[in-house]
Amino acid sequence: MINEKCKKDYIVSATAADFHIRAFACTTLNICEESRRLHNTSPVMSAALGRMLSAAAMMSIMMKGDGDKLTIQIKSDGPSGGLTVCADSHGNVKGYTPVPDVILPAKANGHLNVSGAIGNGDLIVVKDLGLKEPYVGRTTLQTGEIAEDMTYYFAASEQTPSSVGLGVLMNMDNTVRCSGGFIIQLMPDAGDDVIAVIEENLKSIKSVTEMLDEGLTPEDMIGEVLKGLDINFNETYDCAYKCDCSDERVEKALISLGEKEIVELIKENKDAEIHCDFCEKDYIFGPDRLKDILKKSRALNIKE
Ligand SMILES: [Zn+2]
């Protein structure tokens with residue numbers, strides 16, 4: 001049975017072993033189900049996107065600045081064509097995949113074949129922390145199962161030894177049963193004894209989906225991975241699937257295309273149709289609206 005607490009999405013953070021360990025865990029049932037509903041994903045793609053959305057939700061609260069933004073992208077050669085997920089620093093996430101309806105046979109152990117849908121390629125993390133240049137980390141996919149790829153990313157690109165667990169379990173009717181994960185990170189000077197405890201725990205714990213399906217909460221999952229260490233739980237944070245596209249933002253995007261493009265659309269007397277990949281919303285601007293946008297664009301150019 002899924003724990004009642006896990007029916008609302010949230011992230012919890014903790015420290016352990018005298019601040020030598022930091023930990024995050026989340027339940028993202030609603031985020032994952034909303035992503036599935038919006039994109040009408042097949043089970044394997046619901047799992048792939050859901051795992052990545054959980055990772056993004058936890059990384060979202062690692063960012064400190066109010067306006068900080070994060071994008072995680074998988075560019076790969078599998079039938080899904082990869083994944084893109086974004087997060088702000090308040091637990092809001094969104095994502096999409098170019099091919100949402102990939103169907104693959106389950107793996108021998110009965111698990112969804114996420115690595116088969118992803119294939120080989122790169123994981124790219126872009127963090128816009130309000131500095132002149134965004135931080136960009138690019139690592140090679142290790143397995144295409146996402147958790148191992150994120151673990152490798154943290155070690156290779158952020159020089160932070162980490163253990164990442166992510167999981168999505170589907171119902172028989174292809175809706176999401178549970179979704180969530182954890183990220184455990186070693187801070188500098190973590191002792192060998194502490195590392196040995198965690199390594200032993202990781203060998204014996206159940207998978208994220210087994211733990212969630214058995215009624216464990218994110219706090220319980222951290223308790224399992226860090227068993228035997230003194231754990232201090234910090235704040236909990238709400239998280240949600242939220243797209244921040246809007247009429248104004250689409251208008252800005254049109255303006256950034258340049259006057260020539262807008263004039264061309266007006267000449268053709270056609271509607272401009274702009275689709276948001278993250279929430280599947282269509283924005284349709286008719287010729288009158290386009291003329292209005294052209295005026296705005298010219299006014300902006302004169303000012304510059
Ligand atoms: Zn949108």
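1. A quick term before we start: a residue counts as exposed when over 50% of its relative accessible area is left open, and as buried when that figure is under 20%. Keep in mind that this is a predicted model.

2. With that in hand, look at helix H8, which covers residues 247–257. Its buried residues are Val250, Glu251, Leu254 and Ile255. Looking down the axis of H8, you'd see these buried residues fall within an arc of 145 degrees, so they line one face of the helix. Lys252 and Ser256 are exposed, and they sit on the face of H8 turned away from its buried side.

3. Now the inside of the protein. The largest nonpolar core has 49 residues, and the ones touching the most other members are Met59, Ile72, Leu83, Leu123 and Met150. Helix H2 (residues 43–60) gives the most to this core, namely 12 residues. There's also a second, separate core of 27 residues, which includes Val12 and Leu229.

4. Leaving out residues up to four places away in sequence, Met59 touches a whole list of residues, among them Leu70, Ile72, Met150, Phe154 and Ile183.

5. Finally, the domains: domain 1 is 8–241 and domain 2 is 247–303. Their C-alpha centres lie 36 Å apart. Where they meet, 8 residues of domain 1 contact 4 residues of domain 2. About 540 Å² is buried between them, with carbon and sulfur atoms giving 66% of it. On the domain 1 side, Leu38, His39 and Tyr96 lose the most area, together 65% of what that side buries. How many salt bridges does the rule find across this interface? The count is 0.

Note on methods:
Residues are numbered from 1 along each chain as its sequence is written. This is a predicted model: local features need pLDDT of at least 70, side-chain atom pairs count only at pLDDT 80 or more; totals for chains, interfaces and linings use all residues. Side-chain values use heavy atoms; hydrogens and water are left out. Buried means under 20% relative accessible area, exposed over 50%, partly exposed in between (1.4 Å probe, protein chains only). Helices (H or I, at least four residues) and strands (E, at least two) are DSSP runs, numbered from the N terminus. The arc is that of the directions from the helix axis to the C-beta atoms. A nonpolar core is a set of buried Ala, Val, Leu, Ile, Met, Phe, Trp, Tyr and Cys residues joined through side-chain atoms within 4.5 Å. Contact means heavy atoms within 4.5 Å. Domain bounds come from an automatic or database domain assignment. Buried area is the accessible area (1.4 Å probe) that two parts lose on being put together, summed over both. A salt bridge is a side-chain nitrogen of Lys or Arg within 4 Å of a carboxyl oxygen of Asp or Glu.
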